[in-house]
Amino acid sequence: MVTEKELISKLKELRQIKPEKEWVSLAKTSILGETPGFYLFPYFRPALAGLVSVLIFFGVFAFSQNAVPGDFLYSVKKIKERSQSFFVSEQERPQASLESAQKRLKELTKIAETNQGKKLPQAINEFQASASEVAKSFSKTEGIGSNSEAIKKIVELDKNKQILEQTLATKIETEELDNTYKNLAEYLISDFGTRTLTEDKEEVLSQMKELAKQEKYLEVLELLPLINE
Amino acid sequence: MSYFFPIIIIMANYRKEFSKIYDQCINKIYRFIFLKVSSEEIAQDLCSETFLKGWEAYKNNPKIKNPSAFLYRIARNLVIDYYRAKGRTQFVSPEVVPIIDPNPGLEEKAVLNSDLGQVKAVLADLKEDYQNVIVWHYLDDLPIPKVAEMMDKTEETTRVTLHRALKALKEELDKREVKEV
């Protein structure tokens, strides 16, 4: 049984918990664009400080590009991507979120290929979060159904995901994304249903309807180029 | 063009001021988050995001009354969001489990079994208010009036919460001690 006094002194020992010094200065650099000051020549301080800051800034960013979840520089990579996303307009958001999800999937594939099991859960969480972002961005933008390029990319994303699932021999749950396929497929079918189509395209539309009945929504989306020509 | 340089100078000053705030608060905020998420990588991620959001807000309003309390508020919200997202996107496929080593390493075991590791683990299991009051008062050495301000409670209520938090921590630790025996 611990006394209250002992407990308080144990709690105070938790002050030992500190972040790694290197990470502290790297994170500061990436947030504020500054470097811890050390200078060779006092006369060139401003120039050197600027140069070193710029070099470290770009160096860290360049190195962080290859970081995968669980790596030391991964948080820097995320900060950079998040800062870039501030400048993305609402119209470009679906495209940007798809690219981001593709990146997360590539990281996940890299981890799976190099057998870094410990990093896998975090990488899967990252991918699932980015898949949710894709789902959200697609629900916000009107008229996305006729954006063949975005639909093509979303189909490509799912195919890559399926390849990875085969490698991992497991299913990665992305419920929100699956709902997005359904919504998009239903939107396309109802949209093309209101248009005057050629005989060939009517045939494609009925195939789409059939696939939708069988809940094969991704295959409905794959038919879009045929009807959208 | 004549407005351009004053803006640069003002921004440089803000950066300098926020840099000081960063140096003063980074250890405390990191520890605050780490004790809640128990993972170095996640703590680093959430801590960077806390300061990034803090910096974005500070640039727009450098007259924030209590930057430390402001950063704690961001950190708290981010931790809550993290757990919400984790709950929502929890990975459920059982097949992936064997890929990860379910047994902690020797080093991790040593930490978990140590007294300090146990205090840390029990603290992380307490409810949020209890965790915060303990961390702010005993680890960050904030006096009760300050803690009360951060918790948006009266001093009296904060004292009672602190007492209950310590009691809950002690009881849980005693329970675990008895189980081990």
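This is a short tour of a predicted two-chain model, stop by stop. Residues are numbered from 1 along each chain as its sequence is written, and chains are lettered from A in the order in which they are written. Because the model is predicted, local features need pLDDT of at least 70 and side-chain atom pairs count only at pLDDT 80 or more, while totals for chains, interfaces and linings use all residues.

**Stop 1: chain A**

You will find 11 helices and 0 strands, where helices are DSSP runs of H or I with at least four residues, strands are runs of E with at least two, and numbering starts from the N terminus. Of the 229 residues in chain A, 28% are buried, that is, 20 or more other C-beta atoms, placed from the backbone, lie within 10 Å of their own.

**Stop 2: the side of A that touches B**

Now pick out the residues where the chains meet: 40 from chain A and 38 from chain B. Contact here requires C-beta atoms, placed from the backbone, to lie within 7 Å. On chain A, helices H1 (4-13), H2 (21-32), H4 (74-85) and H6 (120-140) each supply at least two residues. H6(A) gives the most to this side, with 8 residues. Colour the chain A side by class and you get 20 nonpolar, 8 polar and 12 charged residues; Ala, Val, Leu, Ile, Met, Phe, Trp, Tyr, Cys and Pro count as nonpolar, Asp, Glu, Lys and Arg as charged, and the others, Gly among them, as polar.

**Stop 3: a helix pair across the chains**

Show side chains for A:Ser75, A:Lys78 and A:Ile79 on H4(A), and for B:Gln44, B:Asp45, B:Ser48 and B:Leu52 on H2(B), which make the contact. These residues divide into 2 nonpolar, 3 polar and 2 charged.

**Stop 4: the largest nonpolar core**

Next, select B:Ile29, B:Tyr30 and B:Phe32, which are among the residues touching the most other members of the 40-residue largest nonpolar core. Such a core is a set of buried Ala, Val, Leu, Ile, Met, Phe, Trp, Tyr and Cys residues joined through C-beta atoms within 7 Å. Helix H1 (residues 4-37) of chain B gives the most to this core, with 10 residues. Domain 1 (1-90) and domain 2 (104-181) of chain B both contribute residues, so the core lies between them; the bounds come from an automatic or database domain assignment.

Notes. Two residues are in contact if their C-beta atoms, placed from the backbone, lie within 7 Å. A residue is buried if 20 or more other C-beta atoms lie within 10 Å of its own, exposed if 12 or fewer, and partly exposed in between; C-beta atoms are placed from the backbone.
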